[in-house]
Amino acid sequence: MFTGIVEELGEVTAVENLGDASRFRLRGPVVTEGARHGDSIAVNGVCLTVVEHEGDEFTADVMAETLKRSSLGALAVGSRVNLERPTAVGARLGGHIVQGHVDGTGEILARTPSEHWEIVKISLPADLSRYVVEKGSITVDGISLTVVEAARDHFTVSLIPTTLALTTLGVKQPGDPVNLEVDVIAKYVERLLAHGQEAGR
């Protein structure tokens, strides 16, 4: 489990096409400290497994399904990525419960700068719209954010200077894809209500 509090801004240093998958090599001095084969690291919100670890770099295999359903397929050498290790038991939950299971992708639609923050408008797939509410939580490229405005086909988030400086959302521009993970609690509630309705028939 992750919390959506990005630990560092890493970099893709190599991409190898494996046919039905890709192997990424990523640099991240913070997240690789003490890393071992089989550990999990979230890359732009996608939970990946460490295959190899050497120095401040690690490799991870990404299967075709993940490449298709997330924005990882658009990564290239030099791309910056948000990195986070799983939260430790007993640690503070600084963001919200994040699984690292991307529900879909959105697109940066607009950026509106202000003196002390920036409003970013992001497209929202129709099948995820019902899970997004104003003042609720959503994960964008692995970043735990609070929804400012929730519409049928888009939502907005307000980014503070720290988020702009330390994550990919500081540099992404209109047209760029982002990974989205909605609040898992909303999905469980929907499922439970559906079972309750079926049982009452």
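**Exercise 1.** Which residue in S6 is the bridge partner of Glu11?

*Solution.* The model is predicted, so local features need pLDDT of at least 70 and side-chain atom pairs count only at pLDDT 80 or more, while totals for chains, interfaces and linings use all residues. Residues are numbered from 1 along each chain as its sequence is written, and side-chain values use heavy atoms, with hydrogens and water left out.

Step 1. Strands are DSSP runs of E with at least two residues, helices are runs of H or I with at least four, and both are numbered from the N terminus. Two strands pair if DSSP finds at least two bridges between them.

Step 2. Strand S1 covers residues 8-17 and strand S6 covers residues 80-84; four bridges join them, and they run antiparallel.

Step 3. The partner of Glu11 in S6 is Arg80.

**Exercise 2.** In what order do the six strands close into a barrel?

*Solution.* Step 1. Strands of a sheet pair through backbone hydrogen bonds, either parallel or antiparallel.

Step 2. Here the pairing is antiparallel, and the order is S1-S2-S5-S4-S3-S6. On average, neighbouring strands of this sheet are turned by 45° against each other, direction ignored. The axes are lines fitted to C-alpha atoms (for helices over the stretch in contact), and angles run from 0 to 180 degrees between N-to-C directions.

Step 3. Take S3 (residues 40-43) and S4 (residues 46-54): four bridges pair them in the antiparallel sense. Ser40 stands opposite Thr49 in S4. The two strands form a hairpin with two residues between them, and Asn44 in the turn has a positive phi of about 50°.

Step 4. S3 also pairs with S6, antiparallel over two bridges. Ala42 has Glu84 as its bridge partner in S6.

**Exercise 3.** Which residues have the most contacts inside the largest nonpolar core?

*Solution.* Step 1. A nonpolar core is a set of buried Ala, Val, Leu, Ile, Met, Phe, Trp, Tyr and Cys residues joined through side-chain atoms within 4.5 Å. Buried means under 20% relative accessible area, exposed over 50%, and partly exposed in between (1.4 Å probe, protein chains only).

Step 2. The largest core has 19 residues, and those with the most contacts inside it are Ile122, Val140, Phe155 and Leu169. Elements that give two or more residues to this core include strand S8 (118-123) and strand S12 (177-182).

Step 3. Contact means heavy atoms within 4.5 Å. Leaving aside neighbours within four places in sequence, Leu169 is in contact with residues including Ile108, Val140 and Val178.
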